[in-house]
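Subject: Structure handover

Hello,

Please find the structure below. My notes on what was found in it follow.

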Amino acid sequence: MTPTKHADGGRFGALPARPGKIIAVHLSYASRADQRGRRPDAPSYFFKPSSSVAASGGTIERPAGTELLAFEGEVALVIGTPARRVTLEAAWRHVAWVTASNDFGLYDLRAVDKGSNVRSKGGDGFTPIGPALIDAREIDPGDLRLRTWVNGDVAQDDTTEGLLFPVPQLIADLSQHFTLEVGDVILTGTPAGSSVVVPGDVVEVEVDAPRRGLSSGRLVTTVIEGDASFDTTLGSLPAVDDTQRAEAWGSRAAAGLAPAPAGLAPAAALSPALREKLLRVPVAGLSAQLRKRGLSNVTIDGVRPLRSGTKLVGTAKTLRFVPGREDLFASHGGGYNAQKRAFDAVAQGEIIVIEARGETGSGTLGDILALRAKARGAAGIITDGGVRDVDAVTAVGIPVYSAGAHPAVLGRRHVPWDVDVTIACGGTTVQPGDILVGDSDGVIVLPPALAEEVADAALAQEDEDAWVADQITAGHPVEGLFPMNAEWKARYDAWRQTK
């Protein structure tokens, strides 16, 4: 199968024509998903413009004033016959060729792109493809190798066996939604090892089928420094934080950042068994046990549940607002700001905890964000600020604790500033990964390292208190029974042995 060369062959390299669509997969390799700490249940996609295509041997500009240009070596599929609602079994037959690609991304623009990657991955030259095509009829899609080199050193080395979603699944899935046309390109995702490159670096990507002795050859791209900067009057500007740096480089260590604070415990620290215990124990009991261990300043004061009888258990995902200032809201309040990023990224079982400094003169969330949190599987929301659309938020059904209701929008008092940082909420410190428990008495913060011990002790105390209550109901006086003296303690221990 010999491709017909496009008239602009220098730009589109080995492709048979300018592609009508370039579809890329977000997370698709197990190694990359594990590096990011999340495994998607199903593939998700974004489009890249065909104007981003470049041939092997070209250059890519890192725009002036930016720092986080990252490479992603990928296997590219070129559609040979139209595919619309094709079966999994028939999907591969619609691929004509396979080759190498590099899905470059500028993380400085990633946060404001809301996952669309329009600006962060759509720049001119951001999709090198080639240099040669491998006939898809000659290979097994599960037996392809992908390797990437930076300045001659191997940075990525994986095979399509490491895909979370097999190649035919990607084709069949996409064809459910729209027709894959001749010449369309599918970028199948990148494995672990993607990282930041700087001007002067040379990146090479190769796809091959070792058992068949077939190869795309090395796709070569050189990074250069751009001299054009972004116009500050036209749209969102490049902005980076430590979260973007860690994801662009691949890890905090690679980005030159200090290890995450000890409080940054994963949601997995709250096991199903521990969650079940915490759902049974009252906040007052947890408070008593923490006080015995020297921790008194662990309650989020001034917040109440919107719906009475609400029980809340989860791990903290933090969001910080700073006091409202018009110029800062203009630069940080619009676009894909910190507030939207937090609600889009909250994981199942997490609780969004908002630092609003106890300022209730505007809302810190409304019904749309409450719906998004519920759709993401969040365990709840806590804010020491106000909630607008309070009846609609209550109707969403997700547990929400707040300091009150207010009809004003966020910008009246707050600027959304940061996510996944240590915050102050309701007079206490909350770190990402802290365990939070709430009921009608309020909300308490449990350090993950103490949570199991405190929960067990609180449940044991609940059993003891229930027995004491039975004795009081039976007519015994409080003196000597609450708290128990030695005689009553002996009676209780004897009762326990019968259970």
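The protein chain has an accessible surface of about 21700 Å², with areas taken from the Shrake-Rupley method using a 1.4 Å probe, where for residues only the protein chains shown count as cover. Carbon and sulfur atoms account for 52% of that surface. This is a predicted model, in which local features need pLDDT of at least 70, side-chain atom pairs count only at pLDDT 80 or more, and totals for chains, interfaces and linings use all residues. Residues are numbered from 1 along each chain as its sequence is written, and side-chain values use heavy atoms, with hydrogens and water left out.

Along the principal axes, the C-alpha atoms of the protein chain fill a box of roughly 95 × 55 × 40 Å. The chain has 499 residues, 50% of them buried (under 20% relative accessible area, with exposed meaning over 50% and partly exposed in between, for a 1.4 Å probe and protein chains only). Its secondary structure comes to 13 helices and 28 strands; these are DSSP runs numbered from the N terminus, with helices (H or I) of at least four residues and strands (E) of at least two. Of the contacts (heavy atoms within 4.5 Å) between residues at least 6 apart in sequence, 76% join residues at least 24 apart.

Helix α4 (residues 167-175) is largely enclosed by the rest of the structure, because 8 of its 9 residues are buried. Among the buried ones are Val167, Pro168, Leu170 and Ile171. Their cover includes strands β1 (22-25), β2 (45-48) and β6 (73-79).

Helices α6 (residues 272-280) and α12 (residues 448-473) pack with their axes 10 Å apart, at an angle of about 40°. That makes α6 oblique to α12. Axes are lines fitted to C-alpha atoms, for helices over the stretch in contact, and angles run from 0 to 180 degrees between N-to-C directions. Angles under 35 degrees count as roughly parallel, over 145 as roughly antiparallel, 65 to 115 as roughly perpendicular, and the rest as oblique. On the α6 side, Leu274, Lys277, Leu278 and Arg280 take part, meeting Ala451, Glu452, Ala455, Asp456 and Leu459 in α12.

Last, Thr429 lies in strand β26 (residues 428-430). Leaving aside neighbours within four places in sequence, Thr429 is in contact with Thr422, Ile423, Asp434 and Val445. Between Thr429 and Gly105 there are 35 Å in space, C-alpha to C-alpha, and the two are 324 residues apart in sequence.

Regards
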